[in-house]
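I opened this entry to keep track of what I looked up in the structure, going from the whole chain to single residues.

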Amino acid sequence: TGLHTIVSNTGTLFNIAAGTYSLWQGNTYAVGGALTFDKLTNSLDGPTNRGLDEEVCFYVSPGAWTDLMNEQAALRFYDKTYSSKETDNGFEGIKFHSQNGMVRIKPHIFVPEGFAYAFPVSRMQRLGATDITFTVPGSDGKEFFYQLPGNAGYGIRCYTMQALFCETPARATLLSG
């Protein structure tokens, strides 16, 4: 179960019914066009009314990031460091303070166009039996490569057993559109 499913849950997730326990249901916010700074801050109203009082991280698509970065760059004031020969402008991340506390905005290549996710990082956990490994479980770790059956070649396998878990879905938001 990924972040999208956790935040957009309206049914039963992890054996807890969101219809019975409303704090187990995430928030949704319909953007309806280009993602702007104003829409980001408005999308925090729902989670704040449901207990959000901590740092939040927004993950946005690269296209939405470009819009947000250009919006913030246009608001920049030039000071004594201004040079008519060259300028340095743009951002790798945006940080601001809102009604819930610190908010960070970051672009991520795995966020699909038309979506953005806001969640308290401190309430997210990665649970599981093993982290990513290339060692065959139960072996001595010396068998990194294995011969491909029926082919002239070698391969490697990647093992993992982990999942994402959110302690408080009511403090997260899925932005769409």
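I began with the charges, and found that the mean positions of the 13 positive and 16 negative charges of the protein chain lie 3 Å apart. For this I counted Lys and Arg as positive and Asp and Glu as negative, leaving out His and the chain ends, and I placed each charge at NZ of Lys, CZ of Arg, CG of Asp or CD of Glu.

I note here that this is a predicted model, in which local features need pLDDT of at least 70 and side-chain atom pairs count only at pLDDT 80 or more, while totals for chains, interfaces and linings use all residues. Residues are numbered from 1 along each chain as its sequence is written, and side-chain values use heavy atoms, with hydrogens and water left out.

Next I looked up the fold, and the protein chain has 4 helices and 12 strands, these being DSSP runs (helices H or I, at least four residues; strands E, at least two) numbered from the N terminus. The radius of gyration is 21 Å, well over the 16 Å that the globule rule gives for 177 residues, so the chain is more spread out than a compact globule; the radius is taken over C-alpha atoms, and the rule is 2.2 Å times the number of residues to the power 0.38. Along its principal axes the C-alpha trace spans about 65 × 55 × 25 Å.

I then checked burial, and 28% of the 177 residues count as buried (buried is under 20% relative accessible area, exposed over 50%, partly exposed in between, with a 1.4 Å probe and protein chains only). Of the contacts with a separation of 6 or more, 72% are between residues 24 or more positions apart, a contact being heavy atoms within 4.5 Å.

Thr173 sits in strand S12, residues 173–176, and is buried at 1% relative accessibility. Leaving aside residues up to four places away in sequence, I found that Thr173 touches several others, among them Val7, Tyr29, Pro47 and Tyr117.

Ile109 lies in the loop between strand S6 (101–107) and strand S7 (115–119), and is exposed, with a relative accessible area of 69%. From C-alpha to C-alpha, Ile109 and Asn42 are 24 Å apart in space, and they are 67 residues apart in sequence.

Last, I searched the whole structure for disulfides (a pair of cysteine sulfur atoms within 2.5 Å) and found 0. For Cys166, the nearest cysteine sulfur is that of Cys57, 13 Å away. Cys166 is buried at 2% relative accessibility, whereas Cys158 is partly exposed at 47%.
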